[in-house]
Amino acid sequence: MKYLCQVWFDGTVLSAMSQQEKNKLDRDSLAYDRDLADSGHMIVAQALQSPQSAVTVRVRDGEMSVTDGPFIETKEALGGFILIDAKDLNDAIRVAAGIPLAKLGAIEVRPIHEFG
């Protein structure tokens, strides 16, 4: 079954880290991605740019509006995702717990809805 692991964290935590700490986090994250690929869990993983680079798109009554930045100010923002294939929810939770950013933020694990 496929699960989306959404990586949520407070960007100020990353901003407060030294360059050495950030480099270690990047190395650990890439190594974990390789481990997931080797184990057959990895489908795709991507990091996102900061929330300030986002735009929010809405269509209401046929009219489109575009707003710079995220819609809601929150302490934690979506920083990336890993789409995995896991045998069940417990396996997906185990995989999510290994994501290095779980130590700094939160990983939301959500099953993918299969149509048809």
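Q: How many bridges pair strand β1 with strand β5, and in which sense?
A: In this predicted model, local features need pLDDT of at least 70, side-chain atom pairs count only at pLDDT 80 or more, and totals for chains, interfaces and linings use all residues. Residues are numbered from 1 along each chain as its sequence is written, and side-chain values use heavy atoms, with hydrogens and water left out. Strands (E, at least two residues) and helices (H or I, at least four) are DSSP runs numbered from the N terminus, and two strands pair if DSSP finds at least two bridges between them. β1 (residues 2-10) and β5 (residues 76-85) pair in the antiparallel sense, over nine bridges.

Q: Which residue of β5 is the bridge partner of Leu4?
A: β1 and β5 are antiparallel. Leu4 has its bridge partner in β5, and that partner is Leu83.

Q: Which residues in β6 stand opposite Cys5 and Trp8?
A: β1 also runs antiparallel to β6 (residues 106-111), with six bridges. Cys5 faces Val109, and opposite Trp8 stands Ala106.

Q: Which strands are the edges of the open sheet?
A: The sheet has four strands in antiparallel pairing, in the order β2-β5-β1-β6. Edge strands pair on one side only, and here these are β2 (42-47) and β6.

Q: At what angle does helix α3 run to β6?
A: Helix α3 (residues 89-97) lies across β1, β5 and β6, where contact means heavy atoms within 4.5 Å. Axes are lines fitted to C-alpha atoms, for helices over the stretch in contact, and angles run from 0 to 180 degrees between N-to-C directions. The angle of α3 to β6 is about 155°.
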